[in-house]
Amino acid sequence: MKKILVPVDGSGQSQKALGEAVTLAKKFGSSILLVSVVEVESEVSYSEFGIAMSGDYAGVRDTLIGLKKDDRQKILDAIVDKLDCTGIEITQEIRVGTPHHVIVDVAQTAESDLIVMGHRGLNPLKRLFIGSVAKHVVDHAPCSVLVVK
């Protein structure tokens, strides 16, 4: 087990999962790849907030994505700073897309040996309608998945 992927959304569950991953990495000499996913809201969401669907849409969308990426970077940095990661190679990626698709894609591309993730993240409403990210990842991951409760 050389490469451990840990999806992080800032929730307590994702932080707990990272703690487990750090423990495993120290035990097995693994590296950790943190991935945080910025979701792109649909055009319907923007129109609901009164943003006109015009040429300005792309600019507004890109600005919001940029702000969310900056926020995610701060979250990742703060979480890593809290843990004793001495001797562990940790890399970070912030991606844009649908969380379960991005996590599975990164696991495959990075040739991860294990994904360690929280059972529940930050969005209970989406979980109600489309299911949990963890379930989708477990069903489609190219490697083993440890779901931390």
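Where is the place of glutamate 111? I found glutamate 111 in the loop between H4 and S4; helices (H or I, at least four residues) and strands (E, at least two) are DSSP runs, numbered from the N terminus.

I noted the basis before going on. This is a predicted model, in which local features need pLDDT of at least 70 and side-chain atom pairs count only at pLDDT 80 or more, while totals for chains, interfaces and linings use all residues. Residues are numbered from 1 along each chain as its sequence is written, and side-chain values use heavy atoms, with hydrogens and water left out.

I looked up the backbone of glutamate 111 and read a positive phi of about 55 degrees, although this residue is not a glycine. Glutamate 111 counts as exposed because its relative accessible area is 59% (buried is under 20%, exposed over 50%, partly exposed in between; 1.4 Å probe, protein chains only).

I then turned to serine 112, in the loop between helix H4 (99-109) and strand S4 (114-118). Its relative accessibility is 9%, so serine 112 counts as buried. Leaving out residues up to four places away in sequence, I listed Lys3, Leu5, Val106, Ala107 and Cys143 as touching serine 112, where contact means heavy atoms within 4.5 Å.

My last entry is aspartate 9, in the loop between strand S1 (3-7) and helix H1 (12-28). Its side chain makes polar contacts with the side chains of serine 11 (2.7 Å) and serine 14 (3.1 Å). A polar contact is a pair of N or O atoms within 3.5 Å; within protein, one must be able to donate a hydrogen and the other to accept it, and residues adjacent in sequence count only if both atoms are side-chain atoms.
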